[in-house]
Amino acid sequence: MSEFEKMMLRPDAPEDDPEKERVIIVAVDTGSDDADASLDELALLADTAGAFVAGRLIQVRDTIHPGTYIGKGKTDELTLLAETVSAEKIICDDELSPAQMLNLSEKLGIPVIDRTVLILDIFAAHASTGEGKLQVELAQLRYRASHLRGMGQVLSRLGGGIGTRGPGETKLESDKRQIRERISVLNSRLGDVKKNRETMRSSRMESGIPTVAIVGYTNAGKSTLLNRLTDAGVLSEDRLFATLDTTTRAMELKDGQKLLFTDTVGFINKLPHTLIKAFRSTLEEAGYSDIILHVVDASNEDIDKQMKVVYDTLRELNITGKPVLTVFNKLDILRDGAADISGGVQGISDPLADETVFISAKTGAGVDKMLEKLENMIDSGMIYIEKMIPFDKVGRIESIRTYGKLIEEKYTEEGVFVRARIPDDKLHLLE
């Protein structure tokens, strides 16, 4: 096999599509990560953005080249590969400096973008709410403000394609002063949105209804699970970052206990810091939950790496100390249809979770078991009481139903005897 054949896309890749932008994906293998797997994910991101991956290249180096990312020799190979496959753009797997972006683009003669620009582009295409669009534009402008030297010259020549959605070409040609002014406006608008979010969050917390934050790697099945639990009607597709906007929906367990489920944006390896910063108020919703529901794609070969990315991102957001129920999803397609819901699957575990469960959000298998575990975790955070409530105070029973769980109520001559569980901070309502 020739060197060019090794660099070309794998045999199981989708067929060429003349309507799509032709790109080559490039990575540097420094030995600290699985570059090949990371490049596979970059290919999925490129496909999500509407591009056709016409070729791929991996450079093995001790460190990333400070001037051209891959070094002179590989740059020459990449130039030939780009000509051979008629590539229109290069996408690098790491965030490039302005100098790397400019130098590589000038040597290749075609635009060069990085993983950060690609992810920002996908977010720009998928953002549907006003808040989401503001957050994406803010992240893009922050990135471009720090890359004006490289992107101003490289991307200003683009007529369209990946990396040009969002703020628009005129923003790319703006100077730093104009970008700073726009960032100031966006921060002000998002400040108002944040206040509204905090008001809604306070209302939910005052309601006393337990909140469950659904987190996980992108395309793990979070939206599919939310739809099954609450009929939320959230877009659910087998692609990366199908949904970006936070959704909160209520459901009621069999025993009458109400729960609020909040879906959050999916995480991914090398999630751009500008996105984390712009989406911080959205991502921090998980920090105000009572329980973290960590949804994992159990069929993915990189399951351990993906779980690590989720936990690392939560730590970066200072979301720690919450009870975690890890849900291993996609049991219906897991390794030749293995479906041992009760005993789990050999080799798959999460030592950082308080509880684990195997389910298929698509078919519903194991979901009842998941809800049972959630119920037990919620109960463990409540205080068990047995109390006689006088007839003139029976309104307090409604407080139990609202904030806790009414296990039994028995009418006697003296009043209503109740057995219940209720949060410690709501005990005063029964005094």
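Which residues does alanine 87 touch, not counting residues up to four places away in sequence?

## Where to begin

Alanine 87 touches Arg22, Ile24, Ala82 and Ile110, where contact means heavy atoms within 4.5 Å. You will find alanine 87 in the loop between α3 (72-84) and β3. Helices (H or I, at least four residues) and strands (E, at least two) are DSSP runs, numbered from the N terminus.

Alanine 87 is buried, with a relative accessible area of 11%; buried means under 20% relative accessible area, exposed over 50%, and partly exposed in between, using a 1.4 Å probe and protein chains only. Alanine 54 lies 33 residues away from alanine 87 in sequence, yet their C-alpha atoms are 6.9 Å apart in space.

## How to read the model

This is a predicted model, in which local features need pLDDT of at least 70 and side-chain atom pairs count only at pLDDT 80 or more, while totals for chains, interfaces and linings use all residues. Residues are numbered from 1 along each chain as its sequence is written, and side-chain values use heavy atoms, leaving out hydrogens and water.

## The parallel sheet

Now follow the order β2-β1-β3-β4: these 4 strands form an open sheet with parallel pairing. Two strands pair if DSSP finds at least two bridges between them. At the edges stand β2 (51-60) and β4 (112-114); each has a single partner strand, so one side of each is left without a neighbour in the sheet. From one strand to the next, the twist averages 25°. Axes here are lines fitted to C-alpha atoms, for helices over the stretch in contact, and angles run from 0 to 180 degrees between N-to-C directions.

Strand β3 (residues 89-92) is joined to β4 by 3 bridges, and the two run parallel. Isoleucine 91 stands opposite isoleucine 113 in β4. Helix α2 (residues 35-48) packs on this sheet, touching β1 (21-29), β2 and β3, and its direction makes about 160° with that of β2.

## The antiparallel sheet

Another open sheet has 3 strands in the order β11-β13-β12, and here the pairing is antiparallel. Its edges are β11 (383-389) and β12 (405-411), each with a single partner strand, so one side of each is left without a neighbour in the sheet. The twist averages 15° from one strand to the next.

Between β11 and strand β13 (residues 416-422) there are 7 bridges, and the two run antiparallel. Methionine 388 has phenylalanine 417 in β13 as its bridge partner. Helix α15 (residues 395-403) lies across β11, β12 and β13, running at about 155° to β12.
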